[in-house]
Amino acid sequence: MKIAMVGSGYVGLVSGACFADFGHDVVCIDKDASKIERLREGIMPIYEPGLDALVENNARAGRLSFTTDLAEGIEGAGAIFIAVGTPSRRGDGHADLSFVHAVAREVGESLVNDAVVVTKSTVPVGTGDEVERILMESAAVRDRGLKVAVVSNPEFLREGAAIGDFKRPDRIVIGAEDDFGRDVMREVYRPLFLNESPILFVGRRTSELIKYAANAFLATKITFINEIADLCEKVGANVQDVARGIGMDNRIGSKFLHAGPGYGGSCFPKDTLALLKTAEDYDSPTRIVEAVVKVNDSRKRAMGRKVVEALGGLDAARGKRVAMLGLTFKPNTDDMRDSPAIAVAQTLADAGVEIAAYDPEGMEIAAPLMPEVEMKDDPYAAIEGADAVVIVTEWDVFRALDLTRVKQLAKSPVLVDLRNIYTPADVREAGFHYTSVGRE
Ligand code: NAD
């Protein structure tokens, strides 16, 4: 089947390349001409493990191509995916649907054949209804008498593990209101069907809500264990053991129970906010999610204060130097959107602390977001002369630092591990003052 993917960012590009790898004929469309130009030259606009090879192989096989021309890209496509951004709207936290609506209008104007239009972007309940209205009101669809269905197919992939997640998903959720939509989606996902990936067919509004409910639940799990971590610090318990102890209960599950600096990234912060707005609009408060958003917001700066504390408090911290290791919101991505590192750095800068940093993939994007931070070429260059070393993101390269070298290069042997990747006893034995999250 020919598939058009409108929006070639983290989700659109990975999904498009994976669909091509399944054997579909995929055109990835983006209005960013330089992104499309680079993709045609085999240069990836994002860092995602394995993506460059996947794109190259499928482009070479003639199954994957790139264009800025939407009309040309969607011609003959049986399924047209919308995978553009839905950021928080400035001011009120609602999901900004202007990109989704713009694509719907453009598709409506250019469509020449029957097609299923699929929202893969994370969109609030009712967006599919609006996309359908836009399409049905478009002159092209009406005048040509085209058959069009609008389907919701939220994406659950994780950045950093996106290809594996897309090809071996826990489930595929499809929200469709008619057989045309369901049949085309079955065809799109046939290769995964054969792989026995569970496919859940539900109503369109239900599907839209599943995505928000999933992200809000995961954000809640993270926030829950973060608060338990704070309590652990007060009562002398170990949060990793608590997480293990509760996670071994199948009803709870062990995932997303890692205490740390709070969730960030391109999804949880904006999706929890958007869910709150939907709940408010429908006069059906989601108080647990409200609390999660508040607790997580204050946590990021609290982690900055933890570092200040390790430097000896506010007075002592002024003029000192910190090495931040890791800036992206999680490892194996270059995504800096809402990364806790931004708030940690801001808190440190507010306290008059100088900051040097190293991140394996995120520094180019991070630099303009964190003008107060001096970017270094490797972890040890950032550590040189530091009064404290702070692990903010758990990239593998930080898991086995040469502690002897760290101690020689740093001004003081202070290590703040916001991801609990070191064993306290080992680091203390190496002569460090060690602080982590929810552990003594
Ligand atoms: P992104 O910002 O990386 O990519 C969006 C792309 O859409 C950009 O390249 C932009 O140029 C393009 N675009 C915008 N308007 C366009 C138009 N009119 N025509 C063509 N292209 C256009 O965003 P993303 O991270 O891929 O997220 C996309 C959606 O998927 C969001 O709704 C997000 O919430 C959701 N999502 C993201 C993830 C993730 O891990 N990033 C996971 C699941 C779901």
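The largest cavity in this predicted model has a volume of about 40 Å³. Here a cavity is a set of points, on a 1 Å grid over the protein atoms alone, where a 1.4 Å probe fits but cannot get out, and its volume is the space filled by probe spheres set on the points. Lining residues, those with an atom within 4 Å of a point, include Ser 121, Pro 154 and Lys 211. Helix α11 (residues 204-235) gives the most to this lining, with three residues; helices are DSSP runs (H or I) of at least four residues.

Now to the ligand. Its shell has 26 residues, and Asp 30, Lys 35, Thr 86, Glu 159 and Lys 270 come nearest; a residue is near if one of its heavy atoms lies within 4 Å. Domain 1 (2-202) and domain 2 (212-293) each supply at least three shell residues, with bounds from an automatic or database domain assignment.

| Residue and its part | Ligand atom and distance |
|---|---|
| Tyr 10, polar backbone atom | oxygen, 3.1 Å |
| Thr 86, polar side-chain atom | oxygen, 2.6 Å |
| Ser 266, side-chain N or O atom | nitrogen, 3.4 Å |

Taken alone, the ligand exposes 830 Å², and the protein buries 89% of that (Shrake-Rupley method, 1.4 Å probe).

A note on reading the model: residues are numbered from 1 along each chain as its sequence is written, and side-chain values use heavy atoms, without hydrogens and water. Local features need pLDDT of at least 70 and side-chain atom pairs pLDDT 80 or more, while totals for chains, interfaces and linings use all residues.

Terms used. A polar contact is a pair of N or O atoms within 3.5 Å; within protein, one must be able to donate a hydrogen and the other to accept it, and residues adjacent in sequence count only if both atoms are side-chain atoms. On a 1 Å grid over the protein atoms alone, a cavity is a set of points where a 1.4 Å probe fits but cannot get out, and a pocket is an open set with protein on both sides within 12 Å along at least five of seven lines; lining residues have an atom within 4 Å of a point. Helices (H or I, at least four residues) and strands (E, at least two) are DSSP runs, numbered from the N terminus.
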